[in-house]
Amino acid sequence: MGLTARPEHRTVAYEPQSQEGWVTTRLDFLVNWGRANSLWPMPFGTACCAIEFMATAAARFDLARFGMERMSFSPRQADVLICAGRVPFKLAPVLRRIWQQMPQPKWCISMGACASSGGMFDNYAVVQGIDTIIPVDVYVPGCPPRPEGLLYGIRMLQDKVMSERSADRKIREEMNPDPKSQLYIPPSVIDELGEPFGNSVNQTRSAQ
Amino acid sequence: MTEKFNTVQTGGALKEVSAPATPRSVAHRGGDANPSVAALEIQFPGSVLRSQVVWGETTVYITPSSVPDVMRWLHDDPDQRYDYLSDLTAVEYRDYEEPLEVVWHLRSLPFRRFLRVKAAIPRGAPLAIPSVWGIWKAADWMERECYDMFGIVFEGHPDLRRILMWEQYREGFPLRKDFPLRGRFSRAEQLRQALAQNIESRYSMEELTIADAFEDLPPDMRKRLSTGERTGE
């Protein structure tokens with residue numbers, strides 16, 4: 001993973017019948033090129049994934065090659081939230097607050113099994129995937145992922161940034177799920193869907 | 001920090017001073033008991049229930065009501081001087097007949113002794129036991145954690161509230177045997193309650209670091225704290 005060359009998607013996709021011209025797409029390309037190669041990460045490291053993240057940032061794997069040498073420990077100056085490690089419920093509002101404090105444009109990488117799905121911690125204290133709190137752009141699997149894995153995820157995010165169009169306003173919209181929407185899944189159904197998965201301990205949750 | 005800080009020489013109260021060595025070929029059961037147990041049985045005849053030595057470590061079982069006297073004596077007596085409370089926790093056994101036990105790990109630095117004290121709270125009785133906060137200040141957070149996880153009320157603790165879970169946590173006490181591993185509420189409800197908590201409410205004047213930085217706090221928070229609002233509840 002990450003060792004083989006990946007196909008390049010370094011063009012801005014646009015619909016031919018749209019009114020966007022050559023100048024707009026070239027401008028998009030320039031802006032995206034600048035953004036993709038100067039992503040400042042906000043490290044949100046809570047567990048062992050943070051150790052791998054530090055290894056990625058250090059000299060051997062050298063995150064600075066991708067323009068990320070500047071760790072932004074303030075969310076106000078960050079572009080990418082890299083959530084590395086498990087997030088307990090007590091930390092859930094903190095993580096959401098940090099995400100809300102980051103200015104647009106912003107992206108999020110969920111690093112490792114715990115951040116992506118709760119991992120082995122299917123218990124009372126741990127959030128089952130940070131995508132239940134904030135939107136996630138790239139999931140990096142692994143427990144913890146090797147630095148190559150994180151670099152692969154970062155390259156994927158860069159490709160995603162490169163294919164964005166400034167005319168598309170939708171990608172910058174921040175929305176809370178609307179209960180009246182067709183896409184909204186009520187919490188009870190989410191629980192029902194999620195119940196067969198998780199740990200192997202067969203247990204019933206007493207009501208209330 | 002007005003009190004004079006007295007340094008303690010480790011093993012300084014021993015008669016013959018020898019370098020501490022790692023014990024070898026320790027028996028599982030039996031062996032030399034900690035001499036404090038014999039002294040305890042003389043000093044508190046009715047309070048010491050039994051004692052046992054496992055892997056060279058002595059455990060003494062006492063009655064819950066005698067906890068303050070026994071602990072105070074173990075701390076103050078010049079022949080015991082248990083000046084270090086290294087751990088405080090509780091045990092609940094799988095059998096419902098077994099009582100819930102509170103465990104103190106005491107260490108005497110001058111005598112190089114280790115003593116494990118246990119007190120069983122009988123089934124059916126309210127989960128309460130005297131606090132040892134007045135003897136060892138280290139008991140503060142440990143008793144809070146024990147209360148958070150087991151629901152044991154430490155009587156006499158100055159600020160007994162949750163420490164690991166947030167204060168509005170309603171699902172119960174997670175380390176109890178009747179607590180399901182995934183919690184009592186559904187995942188969605190857990191997340192909803194967790195996200196509904198106010199992060200700023202974690203601040204309270206009880207936190208010393210906040211009290212020191214009172215003048216630097218934002219005006220609205222200063223106003224809230226100065227009205228005596230006990231935040232976080």
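Let me begin with one residue. In which strand of chain A is A:Ile109 placed? A:Ile109 sits in strand β3 of chain A.

Some ground rules before I go on. This is a predicted model: local features need pLDDT of at least 70, side-chain atom pairs count only at pLDDT 80 or more, and totals for chains, interfaces and linings use all residues. Residues are numbered from 1 along each chain as its sequence is written, while chains are lettered from A and ligands numbered from 1 in the order in which they are written. When I say helix or strand, I mean a DSSP run: H or I over at least four residues for helices, E over at least two for strands, numbered from the N terminus.

What does A:Ile109 touch, leaving out residues up to four places away in sequence? The list is A:Val80, A:Ile82, A:Asp137, A:Val138, A:Val140, A:Gly153 and A:Leu157. Contact here means that the two C-beta atoms, placed from the backbone, lie within 7 Å. A:Pro145 is 36 residues from A:Ile109 in sequence and 12 Å away in space, C-alpha to C-alpha.

Now the sheet. Four strands of chain A form an open sheet in the order β1-β2-β3-β4, with parallel pairing. Strands pair if DSSP finds at least two bridges between them. The edges are β1 (41–45) and β4 (138–140) of chain A, each pairing on one side only. On average, neighbouring strands are turned by 15 degrees against each other, direction ignored. Strand β2 (residues 80–84) and strand β3 (residues 107–111) of chain A run parallel and are joined by five bridges. In that pair, A:Ile82 stands opposite A:Ile109.

What lies across the sheet? Helix α2 (residues 48–57) of chain A lies across β1, β2 and β3 of chain A, and runs at about 145 degrees to β1(A). Angles run from 0 to 180 degrees between N-to-C directions; axes are lines fitted to C-alpha atoms, for helices over the stretch in contact.

α2(A) also packs on another helix, α5 (residues 147–162) of chain A, at about 75 degrees with the axes 9 Å apart. So α2(A) is roughly perpendicular to α5(A), a label that covers 65 to 115 degrees. From α2(A), the contact uses A:Glu52, A:Phe53, A:Ala55 and A:Thr56; from α5(A), A:Pro147, A:Leu150 and A:Leu151. By class, that is five nonpolar, one polar and one charged. Nonpolar covers Ala, Val, Leu, Ile, Met, Phe, Trp, Tyr, Cys and Pro; charged covers Asp, Glu, Lys and Arg; the others, Gly among them, are polar.

A:Trp33 is in helix α1 (residues 22–36) of chain A. A:Trp33 counts as partly exposed because it has 15 C-beta neighbours inside 10 Å. A:Leu157 is 124 residues from A:Trp33 in sequence, yet 12 Å away in space, C-alpha to C-alpha.

A:Gly118 is in the loop between α4 (112–117) and β4 of chain A. Its 23 C-beta neighbours inside 10 Å are why A:Gly118 counts as buried. Beyond its neighbours within four places in sequence, A:Gly118 contacts A:Val126, A:Val127, A:Gln128 and A:Gly129.

Chain A has six helices and four strands, in the pattern α-β-α-β-α-β-α-β-α-α. Of its 208 residues, 30% are buried. Chain B has six helices and seven strands, running α-β-β-α-β-β-β-β-α-β-α-α-α. Of its 233 residues, 20% are buried. The C-alpha atoms of chain B fill a box of roughly 60 × 50 × 35 Å along the principal axes.

Last stop: where the chains meet. Helix α3 (residues 92–101) of chain A packs against helix α4 (residues 187–196) of chain B at about 65 degrees, with the axes 7 Å apart. Which residues meet there? A:Ala92, A:Pro93 and A:Arg96 face B:Leu191, B:Ala194 and B:Leu195. Thanks, that's my tour.

Notes:
A residue is buried if 20 or more other C-beta atoms lie within 10 Å of its own, exposed if 12 or fewer, and partly exposed in between; C-beta atoms are placed from the backbone. Angles under 35 degrees count as roughly parallel, over 145 as roughly antiparallel, 65 to 115 as roughly perpendicular and the rest as oblique.
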